[in-house]
Amino acid sequence: MSRRLNFFYDIRLEFDAPVVEHAFVLRCVPPSFPGQEILDATLELDPHTPYTRQRDSFGNLMQIGRLSQPHDHFHYTVSGTARVDLSLRRPEADLPVCRYPSAYTVPSRDIQNYFHSLSLPQTPAERAWALSEAVGSRMRYTPGVTGPSTTAAQAFAAGEGVCQDYAHLYLTLARLAGFSARYVNGLPEGEGASHAWCEIWLDGVWTGIDPTRGKWTDEGYIRFGTGRDFGDCPIERGTFLGRTAQRQTVFMRVCQQ
Amino acid sequence: MDSMIRHKEQINRQLARYGVKFGIYKNGTFHERLFPYDPIPRIITAKEWQTLEQGLRQRVNALNLFLKDIYGPKRILADGTVPEDFVYRSPGYLPQCQGITPPGGVYSHISGIDLVKGKDGAWYILEDNLRIPSGASYPLIARGLCRRCSPDTFRHNDILDNRNYGQLLRRTMDSVNTGGINVVFTPGRYNAAYFEHSYLAEQSGAALAESSDLYVRDCALYYRSTHGDQRVGAIYRRVSDEYMDPLTFEPQSLIGIPNLMSAYRSGNVAVLNAFGNGVADDKGIYYFVPKMIRYYLGEEPILRNAPTYLPFYAEDCKYVLDHLDCLVVKDVAEAGGYGVLFGSKLTRQQLLDLKAAILDQPRRFIAQEVIDFQDLPILEGDQQVERKADLRAFVLTGAEETVVWPSGLTRFSRDPDSFIVNSSQGGGFKDTWILSH
């Protein structure tokens, strides 16, 4: 079933004191691919800054730029319309590198033991689903205990975390099970913050699964980027000069048109 | 030769005065140490050199083709000639580089290939260094000093001049330069090879730059010079991949250049050596280099590998476990002479532990026969003694050609019982003479 979704994503970075030499890479504009058609998308930057568009090796759209002048905030907003239709998803090539551990998804001894304690069903789709349940039964959703650099092993040891941690743990288990599985950043239907989930290569199709919400993804998900883990496709990454504290405010909304 | 020996102290004094130093980290602190010079050169005849030169060119050409394949179509994996495990589990493999063709199609511009000469007279490859091999400056500067101390030696022996290294380096940079100046990029003076960085910049006519001297704007790299900002067309970087661009690799890096990757991806700057070369000089991939030569070039390898076993293969694993006490085992994740274990020197318990480690993670190790290599004479006080030595040959690949520098770094171990000659393990060096006849 095809759905048209309006999306709005807004990030404000505020610095206590002006910073300079601010270089950034954004991956916040959703790309079009079979199953997700971006009908229109607008990106606005404040302060107004020219940027270059590139695609990284995972095919993600990037907006790359630099603010050399002093500034005390960096604010970016992306909005537009997407048509999502999962029946249009097509078989794609495997990404063998997504079968191997990456920086965030190295299985600790504990994760390996947990994996071996699971009794997994026969078919690949059932196994992929069982692994999502295995994540859900070990993790408690708790904001604030983990951060952007938390690995799957650390989150597993803590037993709690947010969507990024659920996704990393899922990828770790799926790769132990021999699946090609990748990390996805994007927006789910609703209001709040951006979300992370996974895609698993099933019968040649990259199929979305959301271990945090315990469901296969549906037409309410808009994808920004993919990679081996969070490190390959952060929505925003930047460096700047300045001794200052930084605050971030995020807002997003996705709703039926 | 006598005149060379007479000048040993003088040359070592001059090397110290010129600041020819090597930094080492010991117990977590940085020490600068002089790199002891031994006056008795290693001598390689023209005929022997001819074989070495051909073999090294062949090897480096195959390694460059391998890198182009791995970051492109990956034919060699699809064919099963190299198992994909050895690529995707390699810490040097950078998927961020997939699909990027560097200017001129060259990945390893400056390759340092380590060899030893066996007692049987044959040369064996010990390892390939395709990331940021160091050491060319030491024989280069020592040769200059020797020529000054003892000009007759060089008048009466037909020794190939090696003082053209700076020009070779410059020619290599120019051949891939995308328009703009050449720079040598150093992490700064607390790096083990800082002396070399500044010396090579001077010799090749490139600007020496640290991270604060460089920035990326509109996907192009610029150098802040005293005459305003200049576009950079080639960057010979002496910083590891993971620290080069905090927006692509290690986010905490303070010594990198933010968004350098965007300039590289756009083809706006040549990076020497390219990112991601570590996948081809991994100790595990070493086993496959002779296969690569046959695969990409359709030629038989001219130079030999040390006989190597991969516990990854069941048959090799059995051999390794049965003969562990006479093999040398290397941990593929370690470099610089660390993680090298000689079976003959291990206790029973250590051997058992090593066996268990190999069985647990076979991919992590390679095992090699111990090569009985020729010792070289060195001076210890007034006495001439024999020590283990290797040779690092420098092979330069530009857009048009691959050349071997007619010289090299001969390193020796000062410890008579040690087979490990890495400078970070406290060895010395000597000049390498290539004869013209």
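This is a predicted model: local features need pLDDT of at least 70, side-chain atom pairs count only at pLDDT 80 or more; totals for chains, interfaces and linings use all residues.
Okay, let's start with helices. Two packed helices are described by the angle between their axes and the distance between the axes, so those are the values I'll quote.

Helix H1, residues 109-117 of chain A, and helix H4, residues 163-176 of chain A, have axes that come within 10 Å and cross at roughly 60 degrees. That angle makes H1(A) oblique to H4(A), and the crossing is right-handed. Who does the touching? On the H1(A) side, A:Ile111, A:Gln112, A:Tyr114 and A:Phe115 make the contact, and on the H4(A) side we have A:Leu169, A:Thr172, A:Leu173 and A:Leu176. Sorted by class, the residues of this contact of H1(A) with H4(A) come out as six nonpolar, two polar and no charged.

Now helix H2, residues 124-138 of chain A. The axes of H2(A) and H4(A) come within 9 Å, crossing at roughly 135 degrees. H2(A) and H4(A) are therefore oblique to each other, and this crossing is right-handed. From H2(A) the contact uses A:Ala128, A:Leu131, A:Ser132 and A:Val135, while H4(A) brings A:Tyr166, A:Leu169, A:Tyr170, A:Leu173 and A:Ala174. If you have the model open, click on A:Leu169 and A:Leu173: they are in the H4(A) list for the H1(A) contact and in the H4(A) list for the H2(A) contact.

Over to chain B. Helix H14, residues 314-322, and helix H15, residues 348-360, pack at about 170 degrees with their axes 11 Å apart. So H14(B) and H15(B) are roughly antiparallel to each other. The residues that meet are B:Cys317, B:Val320 and B:Leu321 from H14(B), and B:Lys355, B:Ile358 and B:Leu359 from H15(B). By class that contact holds five nonpolar, no polar and one charged.

Next up, empty space. Rolling a probe the size of a water molecule over the atoms shows where empty space is left. How many cavities of 30 Å³ or more turn up in the whole structure? The search finds four. Let me pick the second largest cavity, with a volume of about 130 Å³. Its lining has 13 residues, and nearest the centre are A:Gln36, A:Leu86, A:Arg89, A:Glu199 and A:Tyr221. Strand E10 (195-202) and strand E13 (221-227) of chain A are the elements giving two or more residues to that lining. By class, the lining of the second largest cavity is five nonpolar, four polar and four charged.

Last bit: backbone geometry. Most residues other than glycine have a negative phi, and most peptide bonds are trans. Here are some exceptions. The bond from A:Asp46 to A:Pro47 is cis, omega near 0 degrees, and A:Pro47 lies in the loop between strands E2 (36-46) and E3 (51-55) of chain A. In chain B, the peptide bond from B:Leu272 to B:Asn273 is cis, with omega near -15 degrees. B:Asn273 sits in the loop between strand E11 (270-272) and helix H12 (283-286) of chain B. And A:Asp203 has a positive phi, near 50 degrees; you'll find A:Asp203 in the loop between E10 and strand E11 (205-210) of chain A.

Note on methods:
Residues are numbered from 1 along each chain as its sequence is written. Chains are lettered from A and ligands numbered from 1 in the order in which they are written. Side-chain values use heavy atoms; hydrogens and water are left out. Axes are lines fitted to C-alpha atoms, for helices over the stretch in contact, and angles run from 0 to 180 degrees between N-to-C directions. Helices (H or I, at least four residues) and strands (E, at least two) are DSSP runs, numbered from the N terminus. Angles under 35 degrees count as roughly parallel, over 145 as roughly antiparallel, 65 to 115 as roughly perpendicular and the rest as oblique. A crossing is left-handed if the near helix is turned anticlockwise from the far one by less than a right angle, and right-handed if clockwise. Contact means heavy atoms within 4.5 Å. Ala, Val, Leu, Ile, Met, Phe, Trp, Tyr, Cys and Pro count as nonpolar, Asp, Glu, Lys and Arg as charged, and the others, Gly among them, as polar. On a 1 Å grid over the protein atoms alone, a cavity is a set of points where a 1.4 Å probe fits but cannot get out, and a pocket is an open set with protein on both sides within 12 Å along at least five of seven lines; lining residues have an atom within 4 Å of a point. Grid points are joined across faces, edges and corners, and a volume is the space filled by probe spheres set on the points.
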